[in-house]
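Keep the viewer open as you read.

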Amino acid sequence: MDEMWNRSLESLDRESIGKIQLERLRLTVRRSYERVPFYRSALKGRGLSPDDIRSIDDLRRLPMVSKDDLRESYPFGLLAVPREECVRVHASSGTTGKPTLVLYTREDLQNWTEIMCRCLFMSGLRRGDVFQVTPGYGLFTGGLGFHYGGEAIGATVIPTGTGNTERQINLMRDLGTTMIAGIASYALHIAEVASEMGIDVKRDLQVRKGIFGAEAWSDSLMRKISDVWGMDCHDIYGMSEMYGPGVGCSCSCGGGLHIWEDHFIVEIVDPSTGEPVGPEEEGEVVLTSLTKTAMPMLRFRTRDVSKILDAGKCDCGRTHLRIARVKGRCDDAFSINGVKVFPGQVEYVLMKYPEVGMNYQLVIEKAGVLDQLTVLVEAGGNGMGINSSQSLERALFRELRSVLGFQPRVRVLPPMSIERSEGKAKRVLDLRKK
Ligand code: DLL
């Protein structure tokens, strides 16, 4: 049984969770209907009124909300409170389109801090830790989300935000940072810059705990970060529309992410039909907020791919359901001559090889009429000789061919030859679209 930030809520019995969810869902639907014209007309369009929500199953009768609906209602369209009651604005990072705004009341910020504390505590953060927050501060929810959670736990928070990696590393060394928060791909970048500075992150720094999210990352990337840093890694999930980071987090049992069900209802649907799929079946994550007051979200389509784990009680003692680590976004998957590929499938293979370095990229082009996938991989350390780089190419080719079911091209490049991103990594370069 793990220590918990809020044991009474994190280990509630299932019946009580169900009661809280129904009560909060009914309130959220009523407030949305009464205060947000968008929701009122969407519900009326289905012949529904708030009184029709009598059980959790009635959730399925509600219309879904997409990112496009948010964009179209820019800037204040989905607000359920007067703008004057909002004390904060954030925006989604806009990697898939123009950014969308989200607003928060004071109560929203308190709820967000509560779920962040649960996630950070679950990942090992305690009073006395030195906690370095490397995601961007500002409109992105990453920086401030981790920041307020860290302070509420009582850790010493270093708000470096993204970038200036050398300074980041100097602070880690000088202040004795014990835990970092960040975007997974950035954790490897920090390690490689440190090594150029003559610092071995495992030997010379005291960072032993990490919490990462904001983009899909595979189990083998998690193992690689753990090995390179000698740290215990946790996966945190979230999105601007649901406060930011903190919707769920992986516990020490390693079986997926607990979703805070007193704040969110999670459904998994078939992305093409919107119909719910069964437990352990993969589909699109749809989330409903239960405590958001400024911008309630009814059945928000995240575009993220995961599944509900039907694994019964978790040994950590938490009772909130678990979803599998997010595999990617429905729109990340690309098709090579009709075969669907998730970048995560390739990453999983690459990160198993210790000779593979810190970065990779997938380039898709037309070779005549056919699609061609080239996997660019950086060699680790100080690079490798021509022979070993050719034998790594051959080994990766063989394994990728069997995982993907077609023949990709594989090129091993010297370290640092692929462009770095300080925010979410750009893994796929689809030149067919140009
Ligand atoms: O990325 C919030 C966040 C910041 C989460 C820091 C975790 C850590 P957005 O910019 O709105 O918010 O992007 C949300 O990022 O729908 C997923 O596609 C992806 N994402 C977030 N966390 C994970 C994760 C933040 N742990 C979008 N695994 C989401 C996979 C993730 N994908």
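The shell around the ligand divides into nine nonpolar, seven polar and five charged residues. In total, 21 residues surround the ligand, and the closest are Asp 235, Ile 236, Ser 240, Asp 304 and Lys 424; a residue gets in if one of its heavy atoms lies within 4 Å of the ligand.

Before going on, a word on ground rules: this is a predicted model, local features need pLDDT of at least 70, side-chain atom pairs count only at pLDDT 80 or more, and totals for chains, interfaces and linings use all residues. Residues are numbered from 1 along each chain as its sequence is written, and side-chain values use heavy atoms, with hydrogens and water left out.

Now for the polar contacts, meaning pairs of N or O atoms within 3.5 Å (within protein, one must be able to donate a hydrogen and the other to accept it, and residues adjacent in sequence count only if both atoms are side-chain atoms). Asp 235 puts a polar side-chain atom 2.7 Å from a nitrogen atom of the ligand. On its own the ligand has 610 Å² of accessible area, and the protein covers 95% of that (Shrake-Rupley method, 1.4 Å probe). Helix H6 (141-153) and strand E7 (232-239) are the elements that give two or more residues to the shell, with E7 giving the most, five residues. Helices (H or I, at least four residues) and strands (E, at least two) are DSSP runs, numbered from the N terminus.

Stay with Ala 214 for a moment. This residue lies in the loop between strand E6 (209-213) and helix H10 (219-229), and its phi is near 80 degrees, a positive value in a residue other than glycine.

Glu 241 is buried, with a relative accessible area of 2%, and its side chain makes a 2.8 Å polar contact with that of Lys 67. Leaving aside neighbours within four places in sequence, the residues in contact with Glu 241 include Leu 70, Thr 100, Met 297 and Phe 300, where contact means heavy atoms within 4.5 Å.

Finally, look at helix H12 (386-404): its 19 residues reach 26 Å from first C-alpha to last, close to the 27 Å expected at 1.5 Å a residue (that is, 1.5 Å times one less than the number of residues). Its buried residues are Ser 389, Leu 392, Glu 393, Ala 395, Leu 396, Leu 400 and Leu 404. An α-helix has 3.6 residues a turn, so residues three or four places apart point the same way. Among the elements covering the buried residues of H12 are helix H11 (343-350) and strand E17 (356-367). Just after H12, Gly 405 takes a positive phi of about 85 degrees.

Definitions and conventions: Ala, Val, Leu, Ile, Met, Phe, Trp, Tyr, Cys and Pro count as nonpolar, Asp, Glu, Lys and Arg as charged, and the others, Gly among them, as polar. Buried means under 20% relative accessible area, exposed over 50%, partly exposed in between (1.4 Å probe, protein chains only).
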